[in-house]
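Here's a walk through the strands, helices and aromatic contacts of the structure below. Have it open while you read.

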Amino acid sequence: MRNKILEHVIRETIDTFPESEEFKQMLEQYIQNRFKGNVSDSDFGFLLNCINVTEDDPQ
Amino acid sequence: MKMIIQELEYQNIRRIGALKLSFIDSKGNPIKNNFIMMANGTGKTTTLGLIKSIFDGTADHLKSKEIESLKPLNKNVERGFFSITVKFDDTIYKYKLAFDYINKKSTFTCTAPSLTGGGRELSRRFPDSIKDLFTQEFVRRFVFDGEQATKVLNNQSNEAEDAIKYLYRLDEFDKILFDNNTILESIQNSEIGRGTDQSLKYTRTQKDKLKKTLNNLRSKEKQLNLNLTDLEDVQADLDSKIGGIEKKFTDLNSEKNEILSKINANKSDIDNVIRQIMNLSKKPCLISPAISANMYDLGNHMTSLKLPKSSSKDFFLQLAEQEFCICDRRIDDGAKKAIIDNAGGYLGSEQQSVLNIIKNKLMQSSFDERLNDEFSKLKKYKTKAYKLGQELENIQNNLEAAGGEEIIRAKEERISNLEKIGETKATIKKLVSKDINDEDLTPENNICKAQKELEILDGKIASKTKTNTALKKKQVMEKYINCIKDAAIKRLKETIIAKTNNKLEKVITDDLIKIERIENYIVLKNKDGASEGQTLGIAYCYLGTMFEDAELEFPFIIDSPAGKMDYTKRRAVADIIPTVFNQLIAFVTSTEVEGFANRFYSDMNTKFVTITATKDETLMHEGIDFFDKYQKEHREEN
């Protein structure tokens, strides 16, 4: 992403999310790559899996 | 990604037989600023239209009427083509639109080394990283015209906001949200075996139905936005048409007023000359040389009357003393008495002096040309009055033609078009409204309510398919992406406003123009609007800021960049453009050279091309000398 403002605001906003540093970095990287057209479906699926939520599906 | 236009090539397009416009130097390096002056009717608008249609994909389905309009009128040719050679970073793509004038069909081909089938495909292709970018919305931001520029300040338009969305590719966030939904669905579908009861089937059917409705609502919104753009274009055309007629009308009116004032002045001249004629007519000697001669003779004859010096009473008193009258009759006492009694009743000294004056006047009466001169003047003024009368009649006919039915029709169309714009906007507003308390809004007519309903159904399905975790993750991701998107739009707007305002200080020096906020369109601080020249200045500063900061380096292809800007603003804009655009290809008219194109005369990385046309052919002239000479000779025409 060439646009510094956009880059900065994305990073700044992601920083406020209650997620691990690792996830935040992955999300930022994913968005950067997405703008470069350099991602696959599995990348997004992997990112979703990394989101930490309470498992409440009954087995 | 850097995009450079390397060449445009024409063959048998309207008046152009064969023409290549190259925007690279002999070493293959791009030329930064390119000015092309095309004589009227040589295809400036056609060129811009073809470039747009190739990039935005509308060239794939040109109508037979559009193809027919490209066919040269004076030549019997069967085929023609228009091509654009573009360099994306290091890869060259050539897009060719070939026309079969016999069958009124067009064929699109794209040639690039990376493409399959020997590097040639019968479809529009772009580098992968930007392949989805070339929509109509995006292309119109870099293949530009003055009409588009004025939209940024038009409160009927979303142009200012859309320009941010498309040039910064913020729609990419919408695509992430779409993928987010798709993944959840795919997980839920894969879990279908876990829930096969009727209620799940029913919920899924409901969801499918609602999804269909939501898709329809989104398609409708997209279509309505396209319709709105078309309606706004029609509105701009109508405004321009009405403006043109009114301008013509104003010109005609001022011509009429000028003629009326000439008629009044001429009438006053006629009155003066008639007055003069009346005065001079009191001197009959001026009527003709013969009358003058007769009068002189009369005066001369009056000298032989030999009237007494003192008075005529004395004459009669003296006469009464004579034996004989001047009529040779004897004067007896009775006659003597009668003469003496009546002597006072005849000419006295006063009358004598009058007679003397008359005599003198008659003697001095001589013919000259003054009266004839006045009659000549009167004749001249009468001829002038006749001509002015005819001119007035003509101008009134023209006024009727200019401001008559045509303007009435155009104004009616404008009102009707405005109503359509209003209706379309109201429908869009209803479609996209987020007012959950509005009872008129239902999942069937509102995207937000349909989405909410879909979320409820998603929850039910997640529960039944035991995919609550996946749903939660989807919802969290949705929240994050929306959050980033909103923050990005807000920050971009703030930065763009600040940077544009800085540029505006340099461009518009004769007025305090500042952008207050961007709310679909640009809202100015303490101002309801701007002049046409100011609007262009604001639009370039705004777009310039966005091009300057956008991720992609695009060429800026523009028709009539200087338009009606005054020289000060032109010079300021001319100084800004090279700093913000990667490549400038400007199609200019001869009036746009002064204060704009000529600012680039000393720039080594600038090319000047002039396209002239004879009845049978189009000629290309490269270089400043011809360009400058041509504009000086033809600027009055524009």
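This is a predicted model: local features need pLDDT of at least 70, side-chain atom pairs count only at pLDDT 80 or more; totals for chains, interfaces and linings use all residues.

Two strands count as paired if DSSP finds at least two bridges between them.

**A strand on the inside**

Let's start with β3 of chain B. Five bridges tie β3(B) to strand β12 (residues 583–588) of chain B, and the two run parallel. On this side Asn33(B) sits opposite Leu584(B) in β12(B). β3(B) also pairs with strand β13 (residues 606–613) of chain B, again in the parallel sense, over six bridges. There, Asn33(B) faces Thr606(B) in β13(B).

How many residues of strand β3 are buried? Six of the six in β3 (residues 33–38) of chain B are, so the strand is largely enclosed by the rest of the structure. In a regular strand the side chains alternate between the two faces of the sheet. β3(B) shows this: Asn33(B), Phe35(B) and Met37(B) point one way, Asn34(B), Ile36(B) and Met38(B) the other way, and all are buried.

**The open sheet**

Chain B also has an open sheet of six strands with antiparallel pairing, in the order β2-β1-β4-β5-β6-β7. At its edges stand β2 (16–22) and β7 (120–121) of chain B, each with a single partner strand, so one side of each has no neighbour in the sheet. Further in, seven bridges join β5(B) to strand β6 (residues 105–111) of chain B, running antiparallel. One residue pair to look up here is Asp100(B), whose bridge partner in β6(B) is Lys105(B).

The loop between β4 (79–88) and β5 (91–100) of chain B holds Asp89(B). Asp89(B) isn't a glycine, yet its phi is positive, at about 50°. With a relative accessible area of 40%, Asp89(B) is partly exposed. Asn526(B) is another non-glycine with a positive phi, about 55°. Asn526(B) lies in the loop between β10 (521–524) and α17 (532–549) of chain B, and at 75% relative accessibility it counts as exposed.

**Rings and a charge**

Over all chains, there are 28 aromatic pairs. One of them is Phe17(A) with Tyr480(B): the ring centres are 4.0 Å apart and the planes are at 10°, so this pair is stacked. Phe17(A) lies in the loop between α1 (4–15) and α2 (21–35) of chain A, and Tyr480(B) in helix α16 (residues 468–507) of chain B, so the pair joins two chains.

A second stacked pair is Phe626(B) with Tyr630(B), with ring centres 6.1 Å apart and planes at 20°. These two are four residues apart in helix α19 (residues 624–634) of chain B, a separation of about one helical turn. An α-helix has 3.6 residues a turn, so residues three or four places apart point the same way.

| Residue | Relative accessibility | Class |
|---|---|---|
| Phe17(A) | 6% | buried |
| Tyr480(B) | 4% | buried |
| Phe626(B) | 28% | partly exposed |
| Tyr630(B) | 10% | buried |

Chain B also has an aromatic cluster, formed by Phe55(B), Phe88(B), Tyr93(B), Tyr95(B), Phe108(B), Phe126(B), Phe134(B), Phe142(B) and Phe554(B). And for a charge over a ring, look at Lys96(B), which lies over the face of Phe81(B) at 4.3 Å from the ring centre.

**One helix up close**

Helix α7 (residues 171–190) of chain B has 20 residues. From first C-alpha to last, α7 of chain B reaches 29 Å, close to the 28 Å expected at 1.5 Å a residue. The buried residues in α7(B) include Phe173(B), Ile176(B), Leu177(B), Ile183(B) and Leu184(B), and also Asp171(B), Glu172(B) and Glu185(B).

**Chain B as a whole**

Zooming out, chain B has 19 helices and 14 strands. Of its 638 residues, 44% are buried. The accessible surface of chain B is about 33900 Å², and 49% of it belongs to carbon and sulfur atoms. Among contacts in chain B with a separation of 6 or more, 71% are between residues 24 or more positions apart.

Conventions. Residues are numbered from 1 along each chain as its sequence is written. Chains are lettered from A and ligands numbered from 1 in the order in which they are written. Side-chain values use heavy atoms; hydrogens and water are left out. Buried means under 20% relative accessible area, exposed over 50%, partly exposed in between (1.4 Å probe, protein chains only). Contact means heavy atoms within 4.5 Å. Accessible areas come from the Shrake-Rupley method with a 1.4 Å probe; for residues, only the protein chains shown count as cover. Rings of Phe, Tyr and Trp (its six-membered ring) pair if their centres lie within 6.5 Å; planes under 30 degrees apart count as stacked, over 60 as edge-to-face and the rest as tilted. A charge sits over a ring if NZ of Lys or CZ of Arg is within 6 Å of the ring centre and within 35 degrees of the ring normal. The expected span of a helix is 1.5 Å times one less than its number of residues.
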